[in-house]
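This report is written for a reader new to the structure. Please look over the sequence and the model before reading on.

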2 protein chains.
Amino acid sequence: MSRLVEMALPQKATICEVAPRDGFQAEPAWIPTEEKIRIVRELAKTGIQSMEITSFVHPRAIPQLKDAEEVVRSIQDLTNIKFRALVPNVKGAQRAIDAGITKLKLMLSATDSHSLSNANCLVEEAQNGFSPIIELAEKHGVKVGGSISVAFGCPYEGKVPLERIATIVDRYTTMGIEEVSLADTTGMANPKQVFEMLGQLKASFPQMTFSMHLHNTRGMALSNAVAALQQGITHFDSSIAGLGGCPYAPGASGNIATEDLVHAFAEMGIETGINLNTLIDVAKDVKQSIGHDGGSYMLQAGPCSQLHAKPKNQEKIEQ
Amino acid sequence: MSRLVEMALPQKATICEVAPRDGFQAEPAWIPTEEKIRIVRELAKTGIQSMEITSFVHPRAIPQLKDAEEVVRSIQDLTNIKFRALVPNVKGAQRAIDAGITKLKLMLSATDSHSLSNANCLVEEAQNGFSPIIELAEKHGVKVGGSISVAFGCPYEGKVPLERIATIVDRYTTMGIEEVSLADTTGMANPKQVFEMLGQLKASFPQMTFSMHLHNTRGMALSNAVAALQQGITHFDSSIAGLGGCPYAPGASGNIATEDLVHAFAEMGIETGINLNTLIDVAKDVKQSIGHDGGSYMLQAGPCSQLHAKPKNQEKIEQ
């Protein structure tokens, strides 16, 4: 049978592990600094090439990440991993750079409601704070990427129109930002929306690199990732063991689990450079360490490749 | 911004509720007949148009469904629902027809290993038993549909090649069967595989109606459904509250939850005729009745449309 129809997907994808930031910050119980570092070091053994290591926010805002400097300083020997940190303001950026971070991620919401809730300022006010961060970064030869939280749907305002995202991306472009992470922070995106929004954004901003940060709150994260792959997107965030819950839906699934994303990508023939079996072992370890997971199919069912012993009556096949 | 890229999807889809068969049969604790009937009647209020009501297997094989006749006879007044039943052999078909079933579904595995495990016969032997069932059905004016279990992957044999499925579909065609359910029985399919297999099958068998029966064992069910939609497939099975676990992975997710599928379809603008809020209420009811769910995002997080009260500092927006 001839090959009539193909789902054209990229051959390779880069996965950024965000559990050390997005996963840990959602944990109410203190994770000791040495345990955070141990987990990061275990993750580094899986072949993962990129990690969002922490957030330089005020310690009162997110006490769990008050050890940001200590964590960053302790992993400087892991030179095969690109580490980035989230920064809310120029003070956070200075702390990150002083600690040795070479890539900053700017924080921004798509809606004023979420921005007020998350950062206590309007979207416009947050944007106005970017220039000094970018200047500081340039001075130190540090890269800066943008992000847009609740880019597809806002828990307060509902669906986010494409025009709003396009306006924000346009302003990022004006500021010289070359990559933007589109975050489905509370799992409200659907694959049709993702496919169409990315199609429009890529057409309007052909120089911009878009990455996807997907939460699985409503079970749509993987289908959204596939829709993004179909648009040629090759950069994805995910979190080991699915850590990183949704503050608006207690008990709901968090970020798409790194092991689930890597498994699905491998099944589709997309290379991530990550060893799935090692990754699943780390996910088990992390689940035991943290005391729970945030929704992980691999931890429940294992990979497709793990076949079962054939039933005993198989001799019939040979008849 | 002009509409440059569209994900072309069908405007309508038909969902067949399979919990009364695939969900209930996986429950070790006896579900009283009157409770089964009550749940079916609740489901009938959601706007669902199609249901797989039971399986006429030998009571010793699946004791949970030994009340098949009683269940089927008690719901004959629900004339707005198309009920179908699974039949493993001509004896089961006779029982189903006697009870008032007007649509039979044939049982078949893609691999000999699964066939032996599930039906204690080879694929070829199972196929040889279809003719008397089809003759009996024709005599009574009853429809017959085909099915292929483990159509994408087999827990014993791994990936199932397209050629094998094409051969089976071809034999169904020869027997006059006009619709075939492709079942990812243990959640091993991936969206690229689904898209490409359906593309080939549709090209080779343009007269055949294919439907998708997806399990979410490894979190890929919705992405597989979207891949099928992209190939124009409009018939999907699903199970309320995600009931129907995987015997090979205890505790793993079951069938894709009807409420998750209806929610995702609604978000993408695909009409199912099902009222999502009523459906979620039934899912809650079923979970309480059965004592657990089989993986349901709607039961954890609720639909996207359920927005949250804006934070108190919203007056800043008005400034």
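## Basis of the report

This is a predicted model, in which local features need pLDDT of at least 70 and side-chain atom pairs count only at pLDDT 80 or more, while totals for chains, interfaces and linings use all residues. Residues are numbered from 1 along each chain as its sequence is written, chains are lettered from A and ligands numbered from 1 in the order in which they are written, and side-chain values use heavy atoms, with hydrogens and water left out.

## The interface of chains A and B

In chain B, 71 residues are in contact (heavy atoms within 4.5 Å) with 71 residues of chain A. The two chains bury about 6,000 Å² between them, with 60% of it on carbon and sulfur atoms. Buried area here is the accessible area (1.4 Å probe) that two parts lose on being put together, summed over both.

The rule also finds four salt bridges across this interface. A salt bridge is a side-chain nitrogen of Lys or Arg within 4 Å of a carboxyl oxygen of Asp or Glu. Glu267(A) and Lys159(B) form a salt bridge through their side chains, at 3.0 Å from N to O. On the side of chain B that touches chain A, the largest share, eight residues, comes from H9(B).

Helices (H or I, at least four residues) and strands (E, at least two) are DSSP runs, numbered from the N terminus. Strand S2 (residues 50-55) of chain A is largely enclosed by the rest of the structure, because six of its six residues are buried. Buried means under 20% relative accessible area (1.4 Å probe, protein chains only).

Two strands pair if DSSP finds at least two bridges between them. S2(A) runs parallel to strand S1 (residues 14-17) of chain A, joined by two bridges, and Glu17(A) stands opposite Met51(A). Five bridges pair S2(A) with strand S3 (residues 82-87) of chain A, also in the parallel sense; there Thr54(A) faces Ala85(A).

## Helix H10 of chain A

Helix H10 (residues 221-230) of chain A is mostly covered, with ten of its ten residues buried. Among them are Leu222(A), Asn224(A) and Gln230(A). Gly232(A), which follows H10(A), has a positive phi near 85 degrees.

Notes: Buried means under 20% relative accessible area, exposed over 50%, partly exposed in between (1.4 Å probe, protein chains only).
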